[in-house]
Amino acid sequence: MTQDSQHGKWTISSSDDDDEDLPLSGTTTSKPHRAAVSSHITATVEVKPEPANTPVSSLVIGSEARQLAAMNQLNPVKYESSPSLAGKRKKEVSDSPGWALSDSDDDDDDDDDDDGDVKGKSLSNLPKRAPPSPKTKKPKVENERPPSPHGRLYYIDEPEDFFESSIPCLNDTYRFYLNKVTGLDRKYNSGALHIRDILSPLFGTLKESAQFNYCFDIAWMVKQFPSEDRPVLIVHGDKREAKARLVQQAQPFPHIRFCQAKLDIAFGTHHTKMMLLWYEEGFRVIILTSNLIRADWYQKTQGMWMSPMFPRLPKGSSESAGESPTFFKRDLLEYLAAYRAPELEEWIQRIKEHDLSETRVYLVGSTPGRYVGSDMERWGHLRLRKLLYDHTDPVAGEEKWPVIGQFSSIGSMGLDKTKWLKGEFQRTMTTLGKSSLRSDPPMHLVCSSNTNLMWAGGSLPYSIQTAQKQLWLHSFFHRWKANGTGRSHAMPHIKTYMRTSPDFTQLAWFLVTSANLSKAAWGALEKNNTQVMVRSYELGVLYVPAAFNMKTFPLHKNPFPASSSSGFPVPFDLPPTCYSPKDQPWIWNIPYSQAPDTHGNIWVPS
């Protein structure tokens with residue numbers, strides 16, 4: 001199918017067509033891959049099968065689309081400027097009729113709220129050379145890094161001690177941290193945390209953990225623990241073949257158990273990212289934005305909230321003991337209970353036995369279901385609306401205080417802005433206390449564009465099919481720019497939402513979450529606003545000034561190197577930069593092959 005639009009002209013396979021139903025999760029197919037460069041960016045999208053000797057345990061497990069992405073790493077296509085390539089397309093025999101995308105999550109079956117590594121291929125900046133003969137057998141490389149959907153040269157080598165755990169400079173006021181990123185000046189990683197830091201003995205003597213996430217590389221994850229025999233419970237949403245592969249990955253590790261999250265509504269995902277860490281000294285919760293795969297911890301911008309060490313309550317304490325002013329303990333227990341999973345009962349009991357009273361953030365979760373009455377305010381954006389109504393205060397001139405949403409994926413918003421974004425979602429985001437003012441402030445949506453294509457385009461799953469249906473949305477878009485944190489070229493997998501003063505010196509509130517911009521993640525009203533439907537599991541934490549004895553949060557525009565400043569460390573530059581006339585939102589399933597990105601790579605989806 002050929003499409004013309006302001007994005008250019010693309011030829012895509014029929015499996016991408018709006019009229020085609022996506023295969024169910026668990027369906028996998030493959031095609032050989034070739035891509036052509038032309039003045040209109042025209043491509044025939046195909047995929048090469050993985051050699052039979054690739055161990056399953058080395059593959060990143062997620063939806064079927066990302067499973068195939070991990071497989072398709074061979075024979076990268078170089079960027080070429082030669083006009084002789086223009087318009088060429090090569091057909092090859094296919095083993096099967098198409099390829100699979102799972103986890104679509106909208107009524108129209110085209111919501112792109114998928115996380116992690118979407119099926120695609122980043123084409124490495126390799127020296128120009130003659131293509132190898134198809135008969136030449138590639139020698140086996142020992143101790144090769146795990147595959148990346150972003151190309152075999154995706155990882156940047158750092159000194160051996162770069163990610164070694166060291167005593168971090170923790171910001172104890174907000175307990176909000178970014179991850180360490182390769183390729184940066186060391187000052188930009190001062191105070192940032194790597195997964196090995198989080199799991200290291202510096203934070204406690206770990207006895208057991210529960211890992212809630214969307215994508216897993218089990219073998220890699222196990223290596224991040226200081227001791228590889230501490231029990232781990234994996235909470236996931238995989239089904240059928242994807243679940244079988246996940247279980248197969250864990251076969252060498254008898255200390256790993258599984259809990260499958262119930263996904264009773266079509267196209268929902270288990271998108272929550274949380275660690276429950278049980279120590280000899282107490283208990284800790286970490287709510288973050290990173291998948292448990294190597295790529296997410298090295299060259300993407302991620303964020304996390306790390307709780308204090310929660311001490312054990314004295315024996316005989318009441319059930320209400322250890323509660324925080326933000327009711328974090330109650331809400332965390334309610335969130336875990338929503339899984340209806342026997343495997344989580346021991347964790348629920350452990351939490352009840354600990355003192356969580358030091359917590360100063362509010363929990364904002366989503367769980368799949370249709371909710372009516374007072375239950376409508378338990379989850380999703382209506383939960384956020386309720387918290388903002390109860391725990392923030394109106395500000396003078398609030399109609400000029402912009403709302404900023406920053407995310408890595410976009411779902412279907414509807415045919416115009418009034419359907420969801422500027423209707424129910426904006427009403428939530430503009431709630432400030434019990435103000436009767438229904439303001440219409442500026443709304444800035446920060447997402448990567450085609451002109452600041454970065455290291456991990458496949459993790460920005462916004463499809464051309466969805467984009468074409470909502471061109472009105474693009475007028476809200478702003479570029480990702482993060483010079484203050486050194487992360488302008490580290491793809492933002494982090495998701496943040498906030499309300500700032502017109503001069504961008506104050507914050508009315510701040511949220512870090514797993515939830516992308518989609519109705520599946522945040523929920524959508526139904527039946528004349530008497531019911532809300534949520535498809536996915538999501539989790540985040542909300543910062544409100546009152547919980548920190550402040551009227552507003554002062555903004556910290558240069559959080560690195562880490563300092564004792566009281567300003568809130570927003571991970572990107574403010575004010576946001578509007579898209580230029582050349583900017584278009586990054587679309588994952590069309591090729592960007594006319595020019596390389598800032599790292600010399602081009603993108604051809606597979």
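1. A term to start with: strands here are DSSP runs of at least two residues, numbered from the N terminus. Lys273 sits in the loop that links strand S7 (256-260) to strand S8 (274-279). Keep in mind throughout that this is a predicted model.

2. The annotated lysines. UniProt, in an unreviewed entry, gives Lys273 and Lys495 as "binding site". The two are spread over 223 residues of sequence, yet they cluster in space, with a largest C-alpha distance of 11.8 Å. Lys495 has its place in the loop between strand S17 (491-492) and strand S18 (496-500).

3. Burial of the lysines. The cut-off for buried is under 20% relative accessible area. Lys273 has 0% relative accessibility, so Lys273 counts as buried. Lys495 also comes out at 0% and therefore counts as buried.

4. A polar atom of the Lys273 side chain lies 2.8 Å from the backbone oxygen of His271. Lys495 makes a side-chain to side-chain polar contact with Ser408, at 3.3 Å.

5. The annotated histidines. The unreviewed UniProt entry lists His271 and His493 for "active site". They span 223 residues in sequence, but no two of their C-alpha atoms are more than 12.7 Å apart, so they gather at one spot. His271 is in the loop between S7 and S8. That loop also holds Lys273. His493 is in the loop between S17 and S18, and Lys495 is found in that loop too.

6. Are the histidines buried or exposed? His271 is buried, because its relative accessibility is 0%. His493 is buried as well, with a relative accessible area of 0%.

7. Partners of the histidines. The His271 side chain reaches the backbone oxygen of Ser514 at 2.9 Å. For His493, a polar contact of 3.0 Å joins its side chain to that of Gln302.

8. Cysteines. Cys578 has 53% relative accessibility; the cut-off for exposed is over 50%, so Cys578 counts as exposed.

9. Pro442. This residue is found in the loop between helix H8 (421-429) and strand S15 (443-446). Pro442 has a relative accessible area of 38%, which falls between the 20% and 50% cut-offs, so Pro442 is partly exposed. Pro442 and Pro402 are 40 residues apart in sequence, but their C-alpha atoms are 4.7 Å apart in space. Setting aside neighbours within four places in sequence, Pro442 is in contact with Glu399, Lys400, Pro402 and Val403.

10. Helix H7, a geometry check. H7 covers residues 380-391, which is 12 residues. At 1.5 Å a residue, H7 should span 16 Å. The end C-alpha atoms are 17 Å apart, which agrees.

11. Helix H7, burial. Which residues of H7 are buried? They are Gly380, His381, Leu382, Arg383, Leu384, Arg385, Leu387 and Leu388. Note that the buried set includes the charged residues Arg383 and Arg385.

Conventions: Residues numbered from 1 in each chain as written. Predicted model: local features only at pLDDT ≥ 70, side-chain atom pairs only at ≥ 80, totals over all residues. Heavy atoms only, no water. UniProt positions renumbered as here; feature names shortened; annotations may be inferred. Helix = DSSP H or I, 4+ residues; strand = E, 2+ residues; numbered from the N terminus. Buried < 20%, exposed > 50% of the residue type's maximum accessible area, 1.4 Å probe, protein only. Polar contact = N/O pair within 3.5 Å; in protein donor to acceptor, adjacent residues only side chain to side chain. Contact = heavy atoms within 4.5 Å. Expected span 1.5 Å × (residues − 1).
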